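Reader: Hi! I'm new to this one, could you walk me through it?
Author: Happy to, here it is.

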Amino acid sequence: MDENWIIERLEWWIDTARAARRTGMSSGQLTVYGFMYDTNGSYTEMRERSAQTQSIIMKVLGRSDVPSLMSRRDKAYWVDEGIEFAEHALAVVRTRAETRAKLGTSAPTMKADALHSLIWDAASKRWESGHYSDAVQRAATSLSGHVKNLTGRHELGDNELMTQAFSPSAPQAGKPRLRWPGNDDDLTVKAMRVGILNTAQGVFSAIRNPATHSTDELPKQEALEQLATLSVLARWIDGCELIHIASA
């Protein structure tokens, strides 16, 4: 939202409308601030801007019941109500930045301790001490260990582990799969299986590896986002079934 442009438009409307109200709308033509008005209702710049100004006011005030700013009465345009609405909207825009700073944003927030317990339990102690990269690394390591325990594939590194665990191919002896449940022919089921495989591979390549090997400390917000990604994957894994090779 371009607040400077909004302020300019509202200020113009208020000043021009006030001038028109002070001067009066007598018969014939009337010049207000250099713009021509007449009682025959021909379009003037003020008239042309009325719809735009009305839209601005509705957006700023968050309401849809703002009446037309200019109505005809006795062959004259009356704008008193429009001035009141415009003044209200202008006050809101001018104080919005201060209001946001004092009250905080209305955007949704995420509680770290509401992440998947496997992720937050592993990360929480290092997070609370301000070691955000280490918190992410420990959470990813915990998730890797969880997949190893489920599949019994303790001999594999993370990337190969995820490739094997979520492979779409049939399980083999000693190589079970973690698979999103559902009909193999269902398109949504297929999409989930592919998505989980890709996410698991991406998480350990792009999140765990940098957190483990880089000496740079992650910014707090980025670290939280990475923990959230790990949490999503952990919840998907909870929903998977462990598929072993069919018995002979």
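**A first look**

Author: Of the 248 residues of the chain, 38% count as buried, meaning under 20% relative accessible area with a 1.4 Å probe, protein chains only. This is a predicted model, in which local features need pLDDT of at least 70, side-chain atom pairs count only at pLDDT 80 or more, and totals for chains, interfaces and linings use all residues. Residues are numbered from 1 along each chain as its sequence is written, and side-chain values use heavy atoms, with hydrogens and water left out.

Reader: Thanks! How many helices and strands are there in the chain?
Author: The chain has eight helices and six strands. These are DSSP runs (helices: H or I, at least four residues; strands: E, at least two), numbered from the N terminus.

Reader: And which residues have the most contacts inside the largest nonpolar core?
Author: Among them are Trp 127, Phe 166 and Leu 230, in a core of 36 residues. Such a core is a set of buried Ala, Val, Leu, Ile, Met, Phe, Trp, Tyr and Cys residues joined through side-chain atoms within 4.5 Å.

Reader: Which element gives the most to this core?
Author: That is α8, with eight residues. The helix α8 spans 220-238, and α5 (132-151) is one of the others giving two or more.

Reader: What is Phe 166 in contact with, leaving aside neighbours within four places in sequence?
Author: Its partners include Leu 178, Ile 196 and Cys 240, where contact means heavy atoms within 4.5 Å.

Reader: Which residues does the second core include?
Author: That separate core of 20 residues includes Ile 6, Ile 14, Leu 69 and Ile 83.

Key
Buried < 20%, exposed > 50% of the residue type's maximum accessible area, 1.4 Å probe, protein only.
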